[in-house]
Amino acid sequence: MKKLVLIGAALLLGAGCYPGEVTSIDQLDLVATVRNPDFGFGSVGSFYLPDTIVQLNEGEQGAIDIDRSHDDEILAKVRGKLLALGWSELDEGDIDNGLVPDIAVLNLVSASQNTTWWVGYPGGCWDPYWCWGWGWPPSVGVSTYSAGTYFVVMGDAAGVTTPGANDDLAGVWGGVMDGVLSSNSASNFTRLLSGIDQMFTQSPYLSGSGN
Amino acid sequence: MKTMIAVAAAALLLGTAGDAQAQGWFWGGTYSMSMPLSNTKDFNSKFSFRGVAIEGRKVMSENATVGLSFGWQVMDDTRDGTVQLENGAITGTFMTYTNAFPLFANAHYYFGQRGGIRPYVGANVGVIPMERRAEVGLFAVSDTKWHLAGAPEAGFVIPLGWYVRGFVNARWHFALKAGSAPSQQYVTFNIGIASN
């Protein structure tokens, strides 16, 4: 009895238990925002929003094709959020006429397939850390999942006298939504729109308050 | 990792040395439930039903024992919300876990008479290695620190038969700050069985 107890103690050392369960795919969604604390959003009055969502990892190893059928709706969501801040939009015609926006807003996306492995224990042992039967070898499985990341990035366009494709802009705000891509494209789209909403909800300083 | 192996080896050697005086020792295990407090509760607020402990006590006199204790408690929590950072924020479903492995030397004093239900008090001193892990989205961070710790306890020993006894106790664990990890506190409620 004594030796079994001590052997059990030795085995327990280094173990770890993580009993939490993910019950729906949206529990794996994450929305993060970051700002440049030295930039005053109270001075922003106008923005330029390109009409293209750029895929960052297109053609790279692991990259997967993205459903682009909702691009216009996604850009419309971002545009609506920016207009709601009281900012006015400059279009390409305004830019060609020499007007310079205060902020340039870029939309970026990446999607990739990821591989993960797991170890399972037989004999109906659903929680290996509480089961003492080590008589059978564990089984190892491999699974893949697709993950996507959407970025909304704002750059400070002030001081740019001749706007062009090669201008370097200082980033002043970034929003990112990351999550697992399901096979249901409509679900992915709905969750992305909610994520864009959350980016702006958790960034009240964009309206100029608290700057 | 090397420290963990050394502690396990020492435990095995101590057990082997105890064989020559087997009648002076009793060994057993307990089921532990944990109630987080203070900083531990800030990280994992839920009452936990996942825990075990293994104990060996050497009878020193009619009323006193000394011994060793090794436990494993798991506390976890799931919370939806937004965490504010210095220059940003993160929103998601946060899953947090604490795996605590208290390693104690202890001493106990028993009231009452042998053969009956005996209340006792005790003190534990040692270390608690604690792994704290936070998951949000597809990301996880974890940190393991060894905290100096103590744990006063009080309980009852209940005779169940020849050389078999049950015990019920409550043990208040307090772990000192270790590096970047703040101090930790939690109470375990334990029920177990031991034999010579």
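Q: What percentage of the 211 residues of chain A count as buried?
A: This is a predicted model, in which local features need pLDDT of at least 70, side-chain atom pairs count only at pLDDT 80 or more, and totals for chains, interfaces and linings use all residues. Residues are numbered from 1 along each chain as its sequence is written, and chains are lettered from A and ligands numbered from 1 in the order in which they are written. A residue is buried if 20 or more other C-beta atoms, placed from the backbone, lie within 10 Å of its own. In chain A, the buried share is 24%.

Q: What percentage of the residues in chain B are buried?
A: Chain B has 196 residues. Its buried share is 37%.

Q: Which pattern does chain A follow along the sequence?
A: Helices (H or I, at least four residues) and strands (E, at least two) are DSSP runs, numbered from the N terminus. Chain A has four helices and seven strands. Their order is α-β-β-β-α-β-α-β-β-β-α.

Q: How are α2(A) and α4(A) oriented to each other, and why?
A: Helix α2 (residues 71-84) and helix α4 (residues 185-201) of chain A pack at about 20 degrees, with axes 10 Å apart. Axes are lines fitted to C-alpha atoms, for helices over the stretch in contact, and angles run from 0 to 180 degrees between N-to-C directions. Angles under 35 degrees count as roughly parallel. Therefore α2(A) and α4(A) are roughly parallel.

Q: Which residues of α4(A) make the contact with α2(A)?
A: Two residues are in contact if their C-beta atoms, placed from the backbone, lie within 7 Å. From α2(A) come A:Ile74, A:Lys77, A:Val78 and A:Lys81. From α4(A) come A:Leu192, A:Leu193, A:Ile196 and A:Phe200.

Q: Which strand of chain B is joined to β2(B) by eleven bridges?
A: Two strands pair if DSSP finds at least two bridges between them. Strand β1 (residues 25-37) of chain B pairs with β2 (residues 50-61) of chain B in the antiparallel sense, over seven bridges. The eleven bridges run from β2(B) to an antiparallel strand at residues 64-85 of chain B, β3.

Q: Which residue is the bridge partner of B:Gly56 in β3(B)?
A: A hairpin joins β2(B) to β3(B) through two residues. In β3(B), the partner of B:Gly56 is B:Leu68.

Q: In chain B, what share of the contacts with a separation of 6 or more comes from residues 24 or more positions apart?
A: In chain A, residues 24 or more positions apart account for 76% of the contacts with a separation of 6 or more. In chain B, the share is 56%.

Conventions: Parallel < 35°, antiparallel > 145°, perpendicular 65-115°, else oblique. Buried ≥ 20, exposed ≤ 12 C-beta atoms within 10 Å, placed from the backbone.
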